Structures are given as structure tokens and as C-alpha cells.
Amino acid sequence: MAQDQRPTTLDDTPESLEIARGLIRQRRWLDADELLQTALQHSPGSVALRAEYAQVQLRFGNPNGALQLLTPCINQGISSIAINGLVWRAQVRAAQTSEQAAQLVGKALSAGEPLPNFLIEEWRMIAQGLLQAGWQHEAEAWLQALGTRAEELKLTSIWLEQRGAKASSAELNLDHLSAQMVLHPAKELQRKAQAFNEEICQAWLEALPPRLALRPGPRLRWLLCANDNLSQCWLYRVEQKRQQLLQLGCQATVLTFNELQTVASIPSLLHDMDGLLIHRLPASGPLFGLIAEARRQGIPVLLDLDDLLFDPEHCPPPLANYGGSVPPEWHRKVTATLPQLQASLRAADQLLFSTSTLRDRWAAIQHQQGHPAQPIQIWPNLIPIELLQAQRKPRLRWLRQRSGRLRLLVASASTPHTLVWHQQLAPALAQLMRQHPRLRLDLLGSLQLPLVLEPFQSRIRCRGHCPFPDYLRRLREGDIGLMVLEPGPFTDAKSPNRWMECSLMGLATVLSPIRSCTELLRDGKHTLFANSQQAWVDQINQLIKQPQQRLDLARRAQQHALEHLGADQAATCWAPLLQRDHPRPQQRVALIVDADSPNAIQGEARLANALAQTLRQDPKRRVDWRQHGWDTPADCLHITGTGAQAQAAVDRAIERQIPYVLHLHDGSWLKAEQQTRLQRAACCTASSHQLHQASRARGLTNVTVIAWPWQAFPSQKRPKQDGPLRALVPHHRGHESGLLALKAAIQQLPPQALEFTVLDDAPAPVQPCHQRWGDCDVHWCSPLTRTDLAELLASHQVWIEPTLSGGDDLALAKEVLSAGLWLLASDASATAELLNNGPFGTKLQCERRSEWPLQLLRMQGHDHPPAPLLQFRATQPNLTDVLESLHKRLGIWADQRKPVL
């Protein structure tokens, strides 16, 4: 429309206007677009038509188009609450940045013009979304613009300067939060939302336990986890696999995502499972909790996918393809959350893809981003049992043929292909309906009757979604099935479900030539392909006018479907996953732990991780990781925990006469009240000579000292320190007295004598915080990965181990010394053993804690050499050999002959 066309409030097109408004109420946006374009060509000055067309443009995500329509109205002084609302909505949405949008909101609210309440509420929602995201800078601009209209919003995050949610937040709903982040279309917000998703997903991936050796034996019991909100995906990718497993003599348990969020105990859920198969679920806290437990138990994790939902180049399809069937903010949310499904794919041990396009695109993305390749299996959608049972042989309905009453059928279950339906197939069908006055048409699923077909609506049935058996009965009523999709990788990745369904129900088909169809089918033999309006007309006409060709085509198609997608293919697909020929485990071990921290750098959690990795090296052995109680069959227990659950496991092992090994890493098991449990152990290991001596003092003779694995850090040359010396201090839960003693010493130091960073080993992370102990700065941080620790070691000069009761990690102390830090260690620590080997630091006397402040001050004058202070042997003891020697000495499996069930 020409911008300089003078609009008028006089409306001489009431009929077109009312039809357009009706189409908008019915959400038939493409029809409304077509009608309004034509109406405005006849009445370009109609304000009412311009207003309605502006609504359509906003729905299509084109605020600039809406402004172009409305600006002439404003220039002519035409104003109303509706026009004002549309103009300001378009201007705010067209703003390039969030800050510019907020300024426009302030301008709109200060102009004194009446505005609709829903528009103000939209702006409040955007502000609330920015608050929830923790983006205070952007949120404050909107709050200032809204003024008193923002008073009902919760501003706690503003006053406390709270940042966005963390990956560890139990209440984090990443999908919902991402939707709030992109309510305004500014590109900067979309980039930030996607970066936030990438950060959270990467944190979830890094928090997963390492991939260890999988459980030995056949895999006959499977847990299938999926979302049940898409009925077609559920049928073809979840329910079908459940049925296949049952037919193959296996067990299958189905868990919906909603059920997963309410599971009381994930370890109990996975207890009897041999495999975990996840369909289409993006990354989330509950899902990654399930994956983490599966890894801990050595259960393979497979992810199944049937759509191109991970590819930033092609997903989501352009907003225009949806023809207004989804709002623009939903489309932006899908873009922002792409990293979620990518993370789920990377967390899996193996991928099951429905088409070769999915395989090729994922392999290309992995290569482009530098990630290792993953095992991928092509797993096509096979013929469902219900479809096979409803199968109908192709036949000619001669009465229909002679009378010209053949029935065409178009079915669609999704909305990304609305535009190609309107632009290509619907006009072709209108042309055919004119050519064949008695031709019939059925529209199934989400398809709406477009304007171009309304003149023929007496011969058209619009039949919405229905249960699958009813859908098959409706298919059976047709003669020719049609499937239209726009060209491109997104549709190339789709499965030929519609062709398969039509073929089994005896229909001949005309299809868009997507890759999955062209790879499986031959044009003219199993189907006809069409890729333009005229091609659709020609191909359908060919089947209408040549009944024998239609019948032969349908017969060949049905036979082809049965041969290539029949139920017998399921056994071939499942064979490599079930591993029926693999022997059952000959040994079964339960590993009893207190903490589950895959990236632990110290303490019991680190010891348990090393033990799990080593025990799983034997292919005949099954290792069950147990943190919350032990109730599984076992030949032997390895116990690193010391808490109530570990003590209960020891009592149960004594009752059942099952040998158990206590791995001592602090003095918890050496206390008097643990004497019976300690004495009944088959043997014990000690992580230091100090613990070994303490256990011998308790009368134990079956204690083996084990040097647990460590890995040296690269030493770095440290520049001359200008400010205060920086020291790292580990904090061990349950051994607080040493840190309290160190705090008392620090409080006696002169101002800025030293600066301290406390590394907290709590399972739940502490928020980074800054404190003052006396006149010295103290920083707290947790949890730490090895990468985090490396960065801290590079920026600190001293490691202080203040424990008064042991419990420190000797392997970690070796790594710290390898990085070139000076060491202060209490003489009650295991770390102090290292100071016997050379001048690498200073011992702190526990009985002379009054001297600690002076010893801390003496560090300031020490010239710390840049080279590593301690050189370790090039090789470490082989932990596998040590443990196998221990097992052999105990004779646990010496006479074992039968498989462990």
C-alpha cells in the first residue's frame, strides 16, 4: 500500500471487513492476509482495513509492515484506542534493542493517549521476563519506563542484585525461562537467551559422571522415557518400541516426562534396567539426573529422534512457513532452546535416528564444533501393529470411478507446513475441483479449509484430530492420498509415515519429493512426486483418469511398505542393542558411597569415582553404585561412605555374611562406636600412612595402604607478587575445627597481610561470597572442577591444610605441589607426610596453634620458585592390579562357577 495514500475513517467495504475479522478470530491468518490485500487494493484509504491488516502483519512477525500500514493514519491525525495500541505495539516490537524498546514504552505512556490494557500487560510481561532471567540492566530500563504500572511486579532480584538461575537450581525450568527471555524480538535478547541455554546445558554435561565400562550381560529390560504430548511421535517412536520389545521376549517400562519429575527414587527406578532409551527430550535437570544415574550404574543411554530439532541452520523452519499458526515469540523460544536437544544428544552413548538426513546433519554439526563422533543407528518408523491389523488390499471402487466421485485425502498433524499447503496444494485442489464437478476431498488433522476451496465446501469434509484407529478408518474412505511439504533439509529429515499409512490402507499417493521418500520410493512405481502447483494438478489427474495405473501403484506401494517397513525389521534393529549372546556377569559388587560428585577434586567423592572406574574394568563384573541404601544382590561390598546409609549397609552385610571392604579416608570408622563394624571387615584400605598407623593402633592388621590416582598439574611461572600473598584453603565438612583455628590465626594478622580463598567441598554449592577475617580478605567458592582448580592454582602461591583431625586428600596435595605451590600443613593432616620428603613447605603444630599467625607472616618473605616443588615418579601403582590382588587375597570369587543373576 502506498504510504502517502490518504486514509479515511469512512469504510465502504463492510462485507470484506467482517469476513476478515471472522478469519482472524478463526486464526486463519493466511486467508485473512489474502483477503485484506485484495480489499486494500480496492479501498486503500480504509482505516479499519489497515488496522486489521496490521494485526495480521504483527502475527507474521512483521512489525515494520504493520507500521507502514498505520503511519499514514497517524500522519492524518486519525486516532483511537485501537489504532494507538497497534501503532505503539508495532513501534516497540520493531525496536532494534531492548533499551530502545523501553524508551518507546516510556514515550507511549507519557503521551497521554489512551492505550488498551492488553498492550500494557504485554509490556509488563516483557519486564517480568527480564527480571526472571536475572538481566537487571535490561529490566530496569523497562521498569523505569512502566513507572507505577510496574509496582505489582516482584523486584526482589533487582534489590538483591540476583543474577540468573544456575544449572544446579532445583527449580530451574529452562524451557519456561527461555520463553520469558525472548518475549521482545530484539536480536540481542535472542543471542543472550541462546548463550544462557548453552551455558546451562554445558554445565549439565560437565556435571555428568564420566562414561565408564557398561554393565556386562544381555540387555533385556529397558526403560523408555519420553514426552506424551505428541501422539504421532509417541505411537511411532515409543509405543512401537515397547510393543517390539514385548514381542522379542523382553521387558519394557514406559515413563513419561511428567512422571519422571515426580519419581521418588531414580536409583530404584533404574535398579532392574539394562538399558535407557530417551525419545526427543531436551536437556533438563530431571532428565540429566536420570542420565547421571544410568551412567553411575553402567546402563547404556540411547537417545531416539525423528525430527531435525537440533540444527541451527534449518530449525525452526522460517516463521513464514507456519502461516501464522504459531506466535513469533514461540518461534524465538524454539531458536533459543536449540542447545537443549543438542546437549541431550551429546549426553547419550548411542543415537537412534529415523532418517539418513538426521544422521548426516548431526555428524556435520559434531565435526564443525569439534566434538567426537557418536555411534548412530538408522531406525526407521516401522508399520504399527494397529495399522497392520487394519490393512486393506487396494481395490477400485468402480461406482465412484464411473460417477466421478473419487475422494482425495490430505492429512497433516503439524503446523510448519501451512504456507506450502496454501500456496501450492490448495490452489491445485481448487483447480481439480473445478475440473471434476463430483470430486470429493477430505482434510484430516490440523488443516483448515482455505478461502480458495470454500466454493467447493459442499464436497469437502474437514475432520480434525482423532485417535489412531479412527484416523485409519477415515483413511480407508479415500482413493488418493496426498502429502505436501516444502523442500529443504528440515522436511528431508521427516519419515514417510503418511505414504506408509495410505499404502497400507490401499490408497495410491502423490507426495512432495523429500529425501526420505526419494530414497525409499521410485517415482511412478510406488508413488507420484509433485513439487509445483501444476505438477500436483497433473499427477492427481493422471491417477483420476487412469484407474488401473492407480490400482497398480497402490498394490506395489503396499507390497514395498510390507517388505521394507514390516514388523519383522524390528528384530534386526534391536539385535545389536539386546546383546543376547553376551554372557551374564560372573561377579557382582556394590559400591556404597556418601557423595555423588562426578567432578570432585577431593575427599570421599573423588575416591569413590576412582574406585568405580577401576572396578568396572573387569568385563565379567557388574558394579552397582549405591548412595541411598543397598538392597541388591552382591558378592562383595566396597564402602567409601561413612554415614548412616553406609553403616546400615555394613550391618546388612554382617547379617548376610557378605564380605565388605572399608576404604578409610578419614578417622570416622576408627571411632570407638564403630569398633564392631571395623573388626568384621574383610579388609580395609588406608589413603595415607597416617591412617594406616591409626588403624593399627585400633588393633587392625588387615589394612592396605593404597596410593589413590593423581594427575600432576602443569607448573606455571608466577610473576612477582605485588599485593598480598594469596593462599588456597580446603574446607572439609565434618572437620571444621582446623578451619576455625586458622580463622583465629588470620584475625591476628596485620591488614592485607594475606588473601585467602576457601574451597568448600559441600555437595550443595555455596554462593560465591566475600568476607573479612580480621583485616584480611577471604573468598568462598564451590563446587570446583579440575579446570576451575587449575585456574586457581595459577593465581595463588600457597596451599594451607589446617585440619586438626585428618580427613584431607593426599592425592590432591600431591597435585597441588606439582603445580608449584608452597605448602602449609598441620601435623594432624595426611598432607604433612609430603613435607618429610623435602623443603616444600612448613608444618603447623596443632598443639602450638598460638604460633600459627607468625608462621603465616613468615611466608611473605619466602621466594617461591617457579618450578614444581616436588617431582613425582613417572609411574603410579596400577590401581586395578592392587584391587585384584586384594580380591584374590580375600578369595571372594575363588570358587565362583555360576553366573550372578
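Predicted model: local features only at pLDDT ≥ 70, side-chain atom pairs only at ≥ 80, totals over all residues.

Residues are numbered from 1 along each chain as its sequence is written, and side-chain values use heavy atoms, with hydrogens and water left out.

Colleague: What pLDDT does the protein chain average?

Modeller: The pLDDT is the predictor's confidence in each residue, from 0 to 100. Of the residues, 93% score at least 70, and the protein chain averages a pLDDT of 90.

Colleague: Which residue forms a salt bridge with Glu 138?

Modeller: A salt bridge is a side-chain nitrogen of Lys or Arg within 4 Å of a carboxyl oxygen of Asp or Glu. Glu 138 lies in helix α8 (residues 136-146), and its partner in helix α11 (residues 187-207), so the pair ties together parts that are 54 residues apart in sequence; helices are DSSP runs of H or I, at least four residues, numbered from the N terminus. With the closest N and O atoms 2.9 Å apart, the partner of Glu 138 is Lys 192.

Colleague: Is Glu 501 buried or exposed?

Modeller: Buried means under 20% relative accessible area, exposed over 50%, and partly exposed in between (1.4 Å probe, protein chains only). Glu 501 forms a salt bridge with Arg 498, the closest N and O atoms being 2.8 Å apart, and both lie in helix α24 (residues 497-504). Because the relative accessibility of Glu 501 is 1%, this residue counts as buried.

Terms used:
Helix = DSSP H or I, 4+ residues; strand = E, 2+ residues; numbered from the N terminus.
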